[in-house]
Every structure is written in C-alpha cells, then in structure tokens.
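Here are my notes on the model you sent over.

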Amino acid sequence: LTIYSLCIIIHSHKWGVILKKLLILFCTVIMLSGCDNKKNNVESFTNIMTKNKYKVYDVIKQYDKELVKSARIATKDNYQVEFLIFKSVDSAKNSFSVNRSYFKELKKKDDVETSLSNDKYSKYTLTTKDTFYLVSRIDATLIYITVDGSYKKDVLKVIKSLGY
C-alpha cells in the first residue's frame with residue numbers, strides 16, 4: 001500500500017476525513033520519533049566511545065554547574081575527546097564561539113579550516129601541519145578535540161559515529 005493509494009482511498013471513502021486525520025497523526029508521530037537525536041546524551045557518548053576502546057571519565061567537577069549539566073572526557077592513546085551538555089543552547093553556542101575564536105587565532109597561512117553553522121548545529125575544524133582541532137555543537141551539546149594530526153582519521157571516524 002503506497003501513500004498515493006492511501007490518498008485515493010481517503011478521497012473516495014466517506015470516512016475520508018477520519019482517515020486523513022489518522023494518517024496525519026501517524027505521520028506526525030513517525031516524524032517526531034526521529035527528531036530526538038539520541039546520540040547526543042551521556043549514555044550514548046559513553047557507549048560509543050567505550051566500544052571504540054576509549055576510557056570515559058566524568059569531569060563535571062571541572063566545569064561551572066550553573067552552565068554545564070554533564071561533562072565527559074574520553075581518552076585513548078595520547079589524546080582526549082571532550083563532551084559537554086550545557087543547561088542551555090545559548091551557553092553551548094557561546095562556548096562554541098569562544099573555542100572557534102581560539103582555534104582561528106592559531107591559524108597560519110597554509111592551514112586548512114572548515115566551518116559550518118546554523119541554529120541547531122555548528123562545526124569548525126582546523127588542520128595545521130602537526131595538529132587537528134575540532135569543535136562541534138548540536139543544540140546544547142558540544143564536542144571539543146585537539147589532537148596530533150596523525151590521529152585525525154581515527155578522530156573523524158568516532159566523531160561521525162557520535163553524529164557530529
């Protein structure tokens with residue numbers, strides 16, 4: 001049964017109005033169930049990072065609890081991935097801006113940067129001769145990474161699995 005078939009049935013059936021409302025309700029429920037990105041929580045971060053052989057630590061004590069709800073650091077080899085959940089989207093946006101500005105100050109002539117931003121998502125990367133920098137935000141969450149350039153591929157792979 002296709003959407004087109006359902007439309008024909010709805011228009012030709014005396015119960016069409018009821019069926020239309022049920023179809024709209026069903027589609028709305030399906031669409032909304034996909035809106036909550038479950039990757040953007042502490043449990044998912046911890047599970048994904050652990051599966052990728054990172055050690056995950058709770059570091060909330062290092063942050064202002066009035067701004068940050070949760071903070072984790074995942075370590076592997078000689079680098080770490082910081083994951084923060086802020087109490088507000090505005091706080092996450094501010095933190096993203098501060099970190100992006102810091103990275104931009106490090107940029108030299110031959111370095112490569114990428115930047116993408118909208119209301120729900122922001123990402124900035126800087127690749128220098130020796131180092132890879134990344135800060136990415138989805139809603140009120142933030143990922144922050146500074147690693148030796150030799151780990152860039154590994155980091156990008158795990159960041160992709162996190163949905164950033």
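1. Terms first. Two strands pair if DSSP finds at least two bridges between them. Helices (H or I, at least four residues) and strands (E, at least two) are DSSP runs, numbered from the N terminus. With that settled, the open sheet has seven strands in the order β1-β2-β3-β7-β6-β5-β4, with antiparallel pairing. β1 (55-58) and β4 (112-117) are the edge strands; each has a single partner, so one side of each is left without a neighbour in the sheet. On average, neighbouring strands are turned by 10 degrees against each other, direction ignored.

2. Basis. This is a predicted model: local features need pLDDT of at least 70, side-chain atom pairs count only at pLDDT 80 or more, and totals for chains, interfaces and linings use all residues. Residues are numbered from 1 along each chain as its sequence is written, and side-chain values use heavy atoms, with hydrogens and water left out.

3. Overall layout. The protein has five helices and seven strands. Along the sequence they follow the pattern α-α-α-β-β-β-α-β-β-β-β-α. Of the 164 residues, 36% are buried (under 20% relative accessible area; exposed is over 50%, partly exposed in between; 1.4 Å probe, protein chains only). Take the contacts (heavy atoms within 4.5 Å) with a separation of 6 or more: residues 24 or more positions apart account for 42% of them.

4. Strand β7. Six of the eight residues in β7 are buried. β7 pairs with β3 over five bridges, in the antiparallel sense. There, F83 has I143 in β7 as its bridge partner. β6 and β7 form a hairpin with two residues between them; D139 in the turn has a positive phi of about 50 degrees.

5. Strands β5 and β6. β5 (residues 121-127) and β6 (residues 131-138) are antiparallel and share seven bridges. K123 stands opposite S136 in β6.

6. Helices on the sheet. α4 (residues 89-106) lies across β3 (79-86), β4, β5, β6 and β7 (141-148), at about 160 degrees to β6. α5 (residues 152-162) also packs on the sheet, touching β3, β5, β6 and β7, and makes about 165 degrees with β7. Axes are lines fitted to C-alpha atoms, for helices over the stretch in contact; angles run from 0 to 180 degrees between N-to-C directions.

7. Helix pair α3 and α5. Their axes are 10 Å apart and the packing angle is about 145 degrees. F45, I48 and M49 in α3 meet V158, S161 and L162 in α5. These residues divide into five nonpolar, one polar and no charged (Ala, Val, Leu, Ile, Met, Phe, Trp, Tyr, Cys and Pro count as nonpolar; Asp, Glu, Lys and Arg as charged; the others, Gly among them, as polar).

8. Is Y54 buried or exposed? Y54 is buried, at a relative accessible area of 5%. Y54 sits in the loop between α3 (42-51) and β1. Leaving aside neighbours within four places in sequence, its contacts are M49, A74, T75, K76, Y79, V81 and V158. The side chains of Y54 and Y79 are joined by a polar contact of 2.7 Å (a pair of N or O atoms within 3.5 Å; within protein, one must be able to donate a hydrogen and the other to accept it, and residues adjacent in sequence count only if both atoms are side-chain atoms).
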